[in-house]
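Here is a single chain to look over. Please read it alongside the questions below.

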Amino acid sequence: MTLFQGLTAAMPILAVLLFLVILRMPASRAMGLSMVLVAGLAWWVWQVPGIQIAASILEGWVISASILIIVFGAIVLLNTLKVSGAVEVIRSGFTQISPDRRVQTVIVGWLFVAFLEGASGFGTPAAIVAPLLLALGFPAMAAVVLALIADSAAVSYGAVGTPVIVGIGQGLADPTYDEIMQIAVTASTIDLFVASFLPLIMVLILTRFFGENKSWREGLGAWKFALLGGFSFTIPALLVAKTLGPEFPAILGGLAGLVITVTAAKKGFLTPKDVWLFKTDRSEFSANALHEQAPDLVKIQGCEKSPALSCLAVEPKKHSQHHGLSLYQAWLPYVLVALVLVLSRLDFLPFKGWLNSVSLEFNAILATEISAKLVPFYLPGALFILVALVTLALHKVPLKQAGLAWGRSAKVMLPTIIALGASVPMVRIFLNSGINEAELLSMPMELASLAASTFDSSWPLAAPFVGALGSFIAGSATFSNMMFAQFQESTALATGLPTHWILALQMLGANAGNMICVVNVVAAASVVNLVGKEGQIIRYTLMPMLFYVISVGSIVWLGLWFGLIS
């Protein structure tokens, strides 16, 4: 592979970084330019036939349609809950658990994301939790950044174990169930020492970049509760992976963590002594009512620097009903979402078969080997729409308000349609480039081979970056594992490294790539009305992503160096 060919192979990454992150173009423009550039170089340098490129674009549009259904469903559900008054009731309910925004970040931004990832995957957690955080009063940018960072560790077992069962299972040549189990348990073991610290990183980012005082110290003030949230997911997930297999660690780990942290927050166990709020929160609360509820929470962190603002702690609005809704009624749509997602993913129930029975198949597109399929009713977005319709009846939403919610949801979709309509086809051109007249492997495999020859015995440091590359480009940890599992296994064997440790790093790298994946970023940005800010989002999530891949790689590399693992 020549230098020019290497630059061509890296162009999907370089173009996204240039247009989206450095030049700060909106995704609706940046991704269109990136697709044209990648398609042109694929035809000219990689010598991919024009018919292959055209088929890849059509395949990308089919995949884009499935993502758009998920995004639209999430937006419709949120807007339905807004017009019904449920969002305000949910917000009040969370302040009664804890008014501290750092605590809410751990409970909602970390553990609820983990549960939803285990139930559904496919970008669902960020699409649901980012607007939920926004509804709770978080700034839109903070909401989407926190949701994307959180949607990482649980991805190993997303959609009832799909990334490991299907991704690793199909990526390798007929692995046994025990081999898949060993890889999954190894990944969870490494995660115990890395992912457990992600909630603390999320809290630090919250206070440093979105707080009034731009302070790291204020984030460190919640370190005990943040670590409780981290370990309350990773430890149960590891135990479930060892005992029950790779299907349920994220679901059960997320549930266990929610129970532990909500209970701890209500009892004040390991919670900060002071209350951290956004500047916009202060006008809504008074100190006396909170002092009655929690006498030890009497100081708002950092308010001494703002004498014009009252140094008063937060009082939740104690009304249990709003717009005629109880807290239970307000939460019921989210309970239904979680329930239908789980029930629709279990093989021993008939629902999965029913939902998959309706599919649109596009085989041998333009007489190539490329095929695509759209299963509309099985997509999480279709289930969100179903729950939104049920919510209209449950919350007795007037028809006019329902129409406003749906109309508002449709209006915000156009920039997302443009961005996804360009980014996903670009990805498919990249992945389908193995059919070429230059006698080269596909672009991702050539990049991975170059990395393997460069790192050799230090491959554990590079292996998670390969997994992250797959997720960043393909938008799916499952596809990253399918694409690179055999390559990772071959590299491990060639360098004399234990294969299950290297494959675990592939899984964890794929998790980390989820934080900066263009498809996920575009989708999550659209549901909180941040279209055009995708590059800024990636700049926030890039450092946590690098922390993740460097940390997991270093742990395995050092373990092998000192003979602690084999």
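What follows is a short exchange on the fold and one of its helices.

This is a predicted model, where local features need pLDDT of at least 70, side-chain atom pairs count only at pLDDT 80 or more, and totals for chains, interfaces and linings use all residues. Residues are numbered from 1 along each chain as its sequence is written, and side-chain values use heavy atoms, with hydrogens and water left out.

Reader: How many helices and strands does the chain have?
Author: Helices (H or I, at least four residues) and strands (E, at least two) are DSSP runs, numbered from the N terminus. The count for the chain is 26 helices and two strands.

Reader: What is the radius of gyration of the chain?
Author: The radius is taken over C-alpha atoms, and the globule rule is 2.2 Å times the number of residues to the power 0.38. For 566 residues, a compact globule would be near 24 Å. The chain agrees with that, at 23 Å.

Reader: What share of the chain's residues count as buried?
Author: Buried means under 20% relative accessible area (1.4 Å probe, protein chains only). Of the 566 residues, the buried share is 62%.

Reader: How many residues of helix H8 are buried?
Author: H8 covers residues 140-150 and is mostly covered. Among its buried residues are Met141, Leu146 and Ile149.

Reader: Which helices do the buried residues of H8 pack against?
Author: Contact means heavy atoms within 4.5 Å. The partners are H6 (101-119), H7 (124-135), H11 (198-210), H25 (518-527) and H26 (534-561).

Terms used:
Buried < 20%, exposed > 50% of the residue type's maximum accessible area, 1.4 Å probe, protein only.
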